[in-house]
Amino acid sequence: MSALTIAYALLFYAATAILVLGLGVKIRSYVHTPAPLKIPTTPAPVTRGGVALRLVREVVFFESLFKSSKWTWLFGWMFHAALLLVVLRHLRYFQQPVWTPVIWVQAFGTYAGFAMVAGLGGLWARRFLVDRVRYISTPSDHLHLALLLAIGMSGLGMRFVARTDIIALKAFMLGLMRFDWQPLPADPLLLLHLLLVATLMVVFPISKLLHAPGMFFSPTRNQSDNAREARHLAAWAASLEK
Amino acid sequence: MATAAFETPKLKPYPVIPLVAEGAMAHSKPYVASPQIQTAIGFPGELTEGWEQRAIAKMGELLDKYRSLRVYMDACVHCGACSDKCHYYLGTGDPKNMPVARQDLMRSVYRRYFTFAGKHFPKLVGAVDMSKDVLDQWWSYFNQCSECRRCSVFCPYGIDTAEVTMAAREIMDAVGLGQKYANEIIGKVHRIGNNLGIPEPALADTLAGLEEDTKEETGVDVRFPLDVAGAEVLLITPSADFFSEPHVESLIGYAKVFHAAGITWTLSSKASEAGNFGLFIGSYEQMRTIALRIREAALELGARRIVVGECGHAWRVAYSFWNTLAGIGAGGKDPFAIELQRQLDPRYKQPTHICELTHDLIRRGALKFDKEKNDDRIITFHDSCNVARGSRMGDAPGGQFTIPREIIRAVANHYHEMAPGTTHEATFCCGGGGGLLTDDLLELRVKGALPRMEALNNVVDRHGVNFMATICAICKAQFTKVLPYYGFDMSMVGGVHQLVSKAIRLGQPH
């Protein structure tokens, strides 16, 4: 077993633990913090079903972003949709046999890599070209884009330019999951790609990537508009009545 | 008081997003509340040694009490969707008036004390220590947000800057830095019963005067009852309706509607105010105490219905929060809520907006109008932010848009909408909401009105509009003040029930 294989195996265990535990802690804090007042941004759905539909429209179509900025919507939606296809395509490296839907998505997922990179490029360009967005951009905003872009480009590089030993990689990944470690190919592009992905996993629960779980807990979006029909009382607010 | 000279923005034929002008409004600050004003409502009198730690402790407390704040501190990705949505940014170009930048004033402190990244890599994520310099920026820019929630419509995660502004103001109050205008008014509402500080005898006198005036105008005995036990409706209306123009015209309108429909009603001297400035300073406790006056008045007078007059933020508090704060509503299973529910008439929505009441009467054919009496007016409607984005009327979402418009169309012949994107859920704040309706912020108010003034100007040019109806006391006061800066007549603004008042048939004079 090479030192490289051991290092990457440990890296991925650590990154996975940080991602899962970190997100768990964050989501727990969102769940346990009460929303004492009814603050849906109206007009809002009056039923729970309506709220679910509103959230689906936000998650799938980025409805609010579409209302605000067509360019940001275009690049943002393109990036996220492509990322989803790319992630689905990558499931094949973590399962044997491969699920049929993952086989179907293979062709789309491969080319989605280009859409992902294009979307990220558009989003990054806005940070330089639009003076308002330039003003609000922090080093961390640029680094997030750089990280995602580097992940996309290194991935595309392995798929279309300098192919890596994908069979060996899959064996390594399956080995990680089965606690039966297999050697990791020492391909620089692959090592870079994996390192960046692990970085993304580590950064996720301590960065703005929390927008992903956050949007499900946003009271302006996930509350129903029924303030007159049902009494909404948080525990700390109810204690004021004692 | 004298305000430093400033230039009123030029009205352009179409909206232009201004270029970033750093520091353009850094000088804008409201008056600080005196120690007397602060202590009267339970806040520390002034900023004292060690305030930084107390501010951070308060922030921690609020993060545990409000999911909105906790999620919104984490979720922003700096996408910029909100950056051109705030009327104060559009009117001033100051980048800290972009909602994202305003939120970041708090987010940078949140990161420093409450996140891993901010504790260990502050520079990388823009985390900063709580300092006097930071507080000065909070003081300036969290008093340049009218809590109108327009940004929350456009944010992909629904981040509501109003929630952040309210938290910031609560933190500042908690360390002894309060805003004079809002906190002085909150003191008055506790002490006297209303924001204007009108004592009961003066109120009774005013209402008697209104009865005389209305009798003179119409020949009919329209009543303006005060503290009448056993009346069906308890009307809770902004105190501006008693004394200010054009507000009082709408009060006369409500009285005529009750008269024509034969509904007994009363005002309360104890709860002679619909406004609730506890909302503006983000204080749940203040908001609750102020709301409880309404509950007590309703119980004392034995009212069967609670109706709210034309006031934007008051309607948000009434519609969205009264059930929570004071058990005014339905569905409560606890003794506190049941006590009032037993008294209130379950056939009606509690509370009811005066527009819902009038609209319902019109639909049932209980009111008749001479629409041509409003023919001298070519009307448009300004959606008030708190009504549009923080409440509802009627049974279906969006009733807050259709109901006032249907009333206007029922009482007048000439109506035109302002441009899409400036009305309904995308409406622009008047520029004076959220506790900013004070002369020490006049420059901000005038500049913040720009997007609305441009939309108004377009319908004035195209359709000859000469009247902008609205259902908010703050909008009415704000527009009365700022319309002249843009070359309009201040009497162009008025209430929906001002139009109702003009056209309603009251039957034969007695």
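B:Asp227 is placed in the loop between α12 (200-218) and β1 (233-236) of chain B, where helices (H or I, at least four residues) and strands (E, at least two) are DSSP runs numbered from the N terminus. This is a predicted model, in which local features need pLDDT of at least 70 and side-chain atom pairs count only at pLDDT 80 or more, while totals for chains, interfaces and linings use all residues. Residues are numbered from 1 along each chain as its sequence is written, and chains are lettered from A and ligands numbered from 1 in the order in which they are written.

**Backbone geometry**

- B:Asp227 has a positive phi of about 55 degrees although it is not a glycine, and with 17 C-beta neighbours inside 10 Å it counts as partly exposed; a residue is buried if 20 or more other C-beta atoms, placed from the backbone, lie within 10 Å of its own, exposed if 12 or fewer, and partly exposed in between.
- B:Glu147, in the loop between α8 and α9 of chain B, also has a positive phi, near 55 degrees, and this residue is buried, with 26 other C-beta atoms within 10 Å.
- The peptide bond from B:Glu245 to B:Pro246 is cis, with omega near 0 degrees, and B:Pro246 belongs to the loop between α13 (240-243) and α14 (247-261) of chain B.
- In chain A, the bond from A:Thr42 to A:Pro43 is cis, with omega near 0 degrees, and A:Pro43 is found in the loop between α1 and α2 (48-61).
- Most residues other than glycine have a negative phi, and most peptide bonds are trans.

**Chain B as a whole**

- Chain B has 24 helices and 7 strands, and its C-alpha trace spans about 80 × 55 × 45 Å along the principal axes.
- For 510 residues a compact globule would have a radius of gyration near 24 Å, and the 23 Å of chain B agrees with this; the radius is taken over C-alpha atoms, and the globule rule is 2.2 Å times the number of residues to the power 0.38.
- Of the 510 residues of chain B, 60% count as buried.
- Among contacts in chain B with a separation of 6 or more, 79% join residues 24 or more positions apart, a contact being two residues whose C-beta atoms, placed from the backbone, lie within 7 Å.

**Domains and core**

- The domain assignment of chain B gives domain 1 (35-185) and domain 2 (192-416 + 465-503), with bounds that come from an automatic or database domain assignment.
- The C-alpha centres of these two domains of chain B lie 32 Å apart, and 14 residues of domain 1 are in contact with 10 residues of domain 2.
- On the side of domain 1 of chain B that touches domain 2, α10(B) gives the most, with 5 residues.
- The largest nonpolar core has 175 residues, of which B:Ala167, B:Leu234, B:Ala291, B:Ile294 and B:Ile408 touch the most other members; such a core is a set of buried Ala, Val, Leu, Ile, Met, Phe, Trp, Tyr and Cys residues joined through C-beta atoms within 7 Å.
- Helix α16 (residues 312-326) of chain B gives the most to this core, with 9 residues, and both domains of chain B give residues to the core, so it lies between them.
- Leaving aside neighbours within four places in sequence, B:Ile294 is in contact with B:Ile236, B:Ala271, B:Ile306, B:Ala326 and B:Ile328.

- In α8 (residues 132-141) of chain B, B:Leu135, B:Trp138 and B:Tyr141 are buried, and they cover an arc of only 145 degrees around the axis, which puts them on the same side of the helix; the arc is that of the directions from the helix axis to the C-beta atoms.
- The face of α8(B) turned away from its buried side carries the exposed residues B:Lys132 and B:Asp133, while the cover over the buried residues includes α5 and α10 (161-174) of chain B.
- B:Lys96, in the loop between α4 (87-92) and α5 (99-114) of chain B, counts as buried with 23 C-beta neighbours inside 10 Å, and B:Lys96 touches B:Ala101, B:Arg102 and B:Tyr141, not counting residues up to four places away in sequence.

**Contact between the chains**

- The contact takes 60 residues from chain A and 63 residues from chain B, and α6(A) gives the most to the side of chain A that touches chain B, with 5 residues.
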